[in-house]
Amino acid sequence: MPDSPIAVAHHNPELRHHFADMEQQRDASSLGMWLFLATEIMFFGGMFCAYLIYRLWYFPEFAAASNSLDITLGTANTAVLICSSLTVVLAVRAAQLGKRRAQVVYLALTLVLGLAFLGVKGMEWTSKFKEHHIPGPSFHFEGSVPGHPGQAVDQQHAQIFFSLYFAMTGMHALHMIIGVGIFSYLLYYAWKGRYTPEYHTPLENSGLYWHFVDIVWIYLFPLLYLIDRKK
Amino acid sequence: MSEHIVSVKANVAVWLALLVLTGVTTGIAFVDLGPLNTIVALVIATCKALLVVLIFMHVKYASDKLVKVVVIAAVFFLMLLLGLSLADYSTRLL
């Protein structure tokens with residue numbers, strides 16, 4: 001006979017022996033995930049802080065450089081990411097209700113949308129590369145300050161905007177790539193029928209991660225793309 | 001206590017709200033509001049983030065109050081980082 005009477009009452013093979021029951025196990029892992037996301041907030045927070053300070057100092061160049069970004073692609077990508085958040089939520093819901101097929105479909109859709117986002121991001125970076133907007137020896141920016149067409153743009157200050165642009169969208173894209181990896185893993189195990197209404201913690205916590213990455217983009221989009229767009 | 005299952009209707013409503021707010025923030029960026037442009041953009045972004053955190057990330061329904069404490073603490077420390085840094089840099093006499 002097993003020595004823990006509580007473990008006897010819950011035969012779920014996914015229950016680790018150091019938890020009293022499935023609910024305690026789920027609460028503990030959810031709390032752990034949120035603590036991880038708290039560190040992620042501070043990680044991105046450092047870059048947002050640097051961005052805000054430089055934007056305060058070099059606003060004309062930030063506005064000029066921001067206007068060189070493709071607002072159509074940026075808005076479309078925001079919509080793609082929001083749709084992927086919906087498919088994640090529906091995948092988690094399907095697991096809660098024990099619907100395997102729906103889980104697989106929504107996870108696959110999430111992967112497609114995540115890859116579409118990365119593809120569009122790649123297109124944007126390619127055009128930046130061709131325009132010599134990558135910080136470095138061959139950096140050259142010819143845009144003008146909105147409302148002041150004659151004003152010369154300080155190359156160093158514009159370079160700082162693009163350094164922050166590539167650092168922030170780059171770290172965001174890296175998180176997306178990791179997310180695509182995680183969701184491929186989830187898709188495989190969802191297909192195998194591992195996630196049940198009693199146990200779907202990996203799906204739930206990966207969902208939290210995906211939504212977090214979505215929130216980072218929700219802030220990156222207006223801060224990077226929408227500076228001084230008025231005509 | 002079992003976990004809360006959000007209805008498809010609520011999820012779709014949040015999704016639509018997020019899409020509409022994205023359109024609004026892009027549209028309003030082309031309207032001259034002076035320094036308010038930045039503030040409006042950040043307010044809209046924060047509304048979107050709140051919708052995602054509360055509904056999509058289930059914080060509104062979390063039975064575990066510790067999760068709420070962690071979320072509030074994380075935002076508090078982020079505000080401390082941004083608030084104190086900007087209080088310094090925006091008031092310097094260069």
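Trainee: How do helix 7 of chain A and helix 2 of chain B pack, at what angle and how far apart are their axes?
Mentor: In this predicted model, helix 7 (residues 201–225) of chain A packs with helix 2 (residues 36–56) of chain B at an angle of about 170°. Their axes are 9 Å apart. Axes here are lines fitted to C-alpha atoms, for helices over the stretch in contact, and angles run from 0 to 180 degrees between N-to-C directions. Helices (H or I, at least four residues) and strands (E, at least two) are DSSP runs, numbered from the N terminus.

Trainee: Why quote both an angle and a distance?
Mentor: Because two packed helices are described by the angle between their axes and the distance between the axes.

Trainee: So are these two roughly parallel or roughly antiparallel?
Mentor: Helix 7 of chain A and helix 2 of chain B are therefore roughly antiparallel. Angles under 35 degrees count as roughly parallel, over 145 as roughly antiparallel, 65 to 115 as roughly perpendicular and the rest as oblique.

Trainee: Which residues meet there?
Mentor: From helix 7 of chain A, they include His211(A), Asp214(A), Ile215(A) and Tyr219(A). From helix 2 of chain B, they include Ala41(B), Leu42(B), Lys48(B) and Phe56(B). By class, this contact has 10 nonpolar, one polar and two charged residues. Ala, Val, Leu, Ile, Met, Phe, Trp, Tyr, Cys and Pro count as nonpolar, Asp, Glu, Lys and Arg as charged, and the others, Gly among them, as polar. Two residues are in contact if their C-beta atoms, placed from the backbone, lie within 7 Å.

Trainee: Zoom out. How many residues does each chain give to the contact?
Mentor: Chain A gives 37 residues, and chain B gives 37 residues. On the chain B side, helix 1 (8–28), helix 2 and helix 3 (65–89) each give two or more. Helix 3 of chain B supplies the largest share, 13 residues. The chain B side divides into 27 nonpolar, six polar and four charged residues.

Trainee: How are the residues and chains labelled, and what about confidence?
Mentor: Residues are numbered from 1 along each chain as its sequence is written, while chains are lettered from A and ligands numbered from 1 in the order in which they are written. As this is a predicted model, local features need pLDDT of at least 70, side-chain atom pairs count only at pLDDT 80 or more, and totals for chains, interfaces and linings use all residues.

Trainee: New topic. What is chain A built from?
Mentor: Chain A has seven helices and zero strands. Its C-alpha atoms fill a box of roughly 85 × 30 × 30 Å along the principal axes. Its radius of gyration is 22 Å, whereas a compact globule of 231 residues would be near 17 Å. That radius is taken over C-alpha atoms, and the globule rule is 2.2 Å times the number of residues to the power 0.38.

Trainee: Where does His172(A) lie, and what does it touch?
Mentor: His172(A) lies in helix 6 (residues 155–191) of chain A. Leaving out residues up to four places away in sequence, His172(A) touches Val213(A), Val216(A), Trp217(A) and Leu220(A).

Trainee: What is phi at His132(A) and at His58(B)?
Mentor: Phi of His132(A) is near 65°, a positive value in a residue other than glycine. Phi of His58(B) is near 65°. His132(A) is in the loop between helix 5 (100–130) and helix 6 of chain A. His58(B) is in the loop between helix 2 and helix 3 of chain B.

Trainee: Buried or exposed, those two?
Mentor: His132(A) is exposed, with 12 other C-beta atoms within 10 Å. His58(B) is buried, with 22.

How values were computed:
A residue is buried if 20 or more other C-beta atoms lie within 10 Å of its own, exposed if 12 or fewer, and partly exposed in between; C-beta atoms are placed from the backbone.
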